[in-house]
Amino acid sequence: MSVLPRATRTMRIIALPLAPAATNASASASAVPAHLTYYHFVTPPPSPQHKRNNWGKWVTTKAAGLWAGLGKAPEGNWKRRAFLYGERLIDRLDFEELALKSVDPSLGPSLRFSDAGKLRPADHPQIPLIYPASLCTTPLPHLRALLEKRTPRHRKGFLAWLAIAPFTAPFMLIPIIPNFPFFFCAWRSWSHYRAWKASQYLEQFVEQGAIVPEPSPELDEIYAEYAPRPPLPSTASSPSSPSAPSSRSPSNPSTPEPEHDPSAPPPSASASAPPYLLLSRHAIPALSRALNLPSDASFAADVLRALEQARIRLGIPAAVEEPAEEAVCAEKTRS
């Protein structure tokens with residue numbers, strides 16, 4: 001079952017909490033809880049007229065095709081090595097930046113103001129913010145804080161990489177390989193520019209109250225089914241403790257594990273409770289079906305990248321079953 005009816009789908013924002021909110025005893029009660037959330041932005045498909053008139057999109061698509069061509073080179077070729085190294089660089093970019101740069105404001109709704117500078121109620125569009133209500137009350141304050149932080153950061157990054165690009169001109173004298181330093185600077189500047197403009201665009205909707213949180217029971221069910229088991233606070237205790245993890249070690253598989261309700265609100269992060277993720281990569285197919293995303297969407301690879309970065313930021317050891325980096329590469333190959 002999809003989150004929204006097909007007829008009402010224009011632009012949507014999907015909030016996927018990745019880790020419980022971290023509480024700070026010294027912070028004020030009005031402070032926004034610091035937590036990791038991946039926002040996926042769904043925009044309507046472009047019309048044929050928009051495709052013909054959008055030169056920026058044409059250049060981006062052309063560059064993406066040339067880059068994908070490098071990845072099809074034989075193993076050991078310098079083109080293939082450059083492609084793999086570039087993909088590793090992309091995976092290290094903040095998933096917040098990659099999510100913002102995927103937003104095309106020309107495909108989303110527009111705010112129309114009167115001559116007095118006030119928003120006309122008749123032309124007040126709304127963007128639904130879909131989120132699992134079992135994990136957070138509303139993600140809107142966190143989204144607002146994220147945009148306030150990201151807007152000046154991406155503007156600064158855009159100008160910085162744009163200023164560095166001319167200094168890579170001497171590399172054009174090397175006729176054997178392309179001027180990768182210049183292309184990298186141009187790409188980073190373009191990426192920051194896209195994220196900056198998208199952040200400005202979304203900030204306007206937040207300020208006008210045009211982003212409306214909508215709880216999703218479907219997302220609650222997916223989180224309840226696929227949420228990893230959070231570690232117990234007693235894992236830091238001595239091995240002789242009855243609640244220590246040794247009591248459920250693989251050597252004693254007959255010992256039942258205590259039941260845990262993943263749909264219950266997560267406990268607040270503290271010094272005795274190690275950090276953990278709220279979502280696993282096994283939930284990605286179910287999320288994609290519930291959100292009814294296009295088949296060509298990069299949703300799976302984006303969520304895998306966000307989960308891996310969240311794991312690294314929280315200092316969680318990598319899962320033994322499959323390294324997240326290999327999962328990202330495998331998902332890219334399938335898509």
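A residue counts as buried when its relative accessible area is under 20%. By that cut-off, five of the five residues of β3 are buried in this predicted model. Strand β3 is therefore largely enclosed by the rest of the structure. Both of its faces are covered. On one side lie I127, L129 and Y131, and on the other P128 and I130. In a regular strand the side chains alternate between the two faces of the sheet.

Strand β3 belongs to an open sheet of four strands. Their order is β2-β1-β3-β4, and the pairing is mixed. The edges are held by β2 (37-42) and β4 (211-215). Each edge strand has a single partner, so one side of each is left without a neighbour in the sheet. From one strand to the next, the twist averages 25°.

The pairings can be taken in turn. Strands of a sheet pair through backbone hydrogen bonds, either parallel or antiparallel. Strand β1 (residues 12-17) pairs with β2 in the antiparallel sense, over six bridges. Within this pair, R12 has V42 of β2 as its bridge partner. Strands β1 and β3 run parallel and are joined by two bridges. Here I14 stands opposite I130 of β3. Strands β3 and β4 also run parallel, with five bridges between them. I130 has a bridge partner in β4 too, namely E214.

Helix α5 (residues 140-164) touches β1, β2, β3 (127-131) and β4. The direction of α5 makes about 85° with that of β2. Helix α6 (residues 180-207) likewise packs on the sheet and touches β1, β2, β3 and β4. For α6, the angle is about 80°, taken against the direction of β4.

T37 is placed in strand β2. Its relative accessible area is 4%, under the 20% limit, so T37 is buried. Beyond residues up to four places away in sequence, T37 touches A15, L16, P17, L18, F95 and H142. R150 is placed in helix α5. R150 is buried as well, because its relative accessible area of 5% is also under 20%. Leaving aside neighbours within four places in sequence, R150 is in contact with D94, E96, E97, L100 and S199.

A further packing involves two helices. Two packed helices are described by the angle between their axes and the distance between the axes. Helices α8 (284-291) and α9 (299-314) pack at an angle of about 130°. Their axes are 10 Å apart. The angle makes α8 oblique to α9. The crossing of α8 past α9 is right-handed. From α8, the contact is made by I284, L287, S288 and L291. From α9, F299, A300, V303 and L304 take part. Seven of the contact residues are nonpolar, one is polar and none is charged.

The loop between α8 and α9 contains N292. N292 has a positive phi of about 55°, although it is not a glycine. Its relative accessibility is 25%, which lies between the limits of 20% and 50%, so N292 counts as partly exposed.

Technical notes: Residues are numbered from 1 along each chain as its sequence is written. This is a predicted model: local features need pLDDT of at least 70, side-chain atom pairs count only at pLDDT 80 or more; totals for chains, interfaces and linings use all residues. Side-chain values use heavy atoms; hydrogens and water are left out. Buried means under 20% relative accessible area, exposed over 50%, partly exposed in between (1.4 Å probe, protein chains only). Two strands pair if DSSP finds at least two bridges between them. Axes are lines fitted to C-alpha atoms, for helices over the stretch in contact, and angles run from 0 to 180 degrees between N-to-C directions. Contact means heavy atoms within 4.5 Å. Angles under 35 degrees count as roughly parallel, over 145 as roughly antiparallel, 65 to 115 as roughly perpendicular and the rest as oblique. A crossing is left-handed if the near helix is turned anticlockwise from the far one by less than a right angle, and right-handed if clockwise. Ala, Val, Leu, Ile, Met, Phe, Trp, Tyr, Cys and Pro count as nonpolar, Asp, Glu, Lys and Arg as charged, and the others, Gly among them, as polar.
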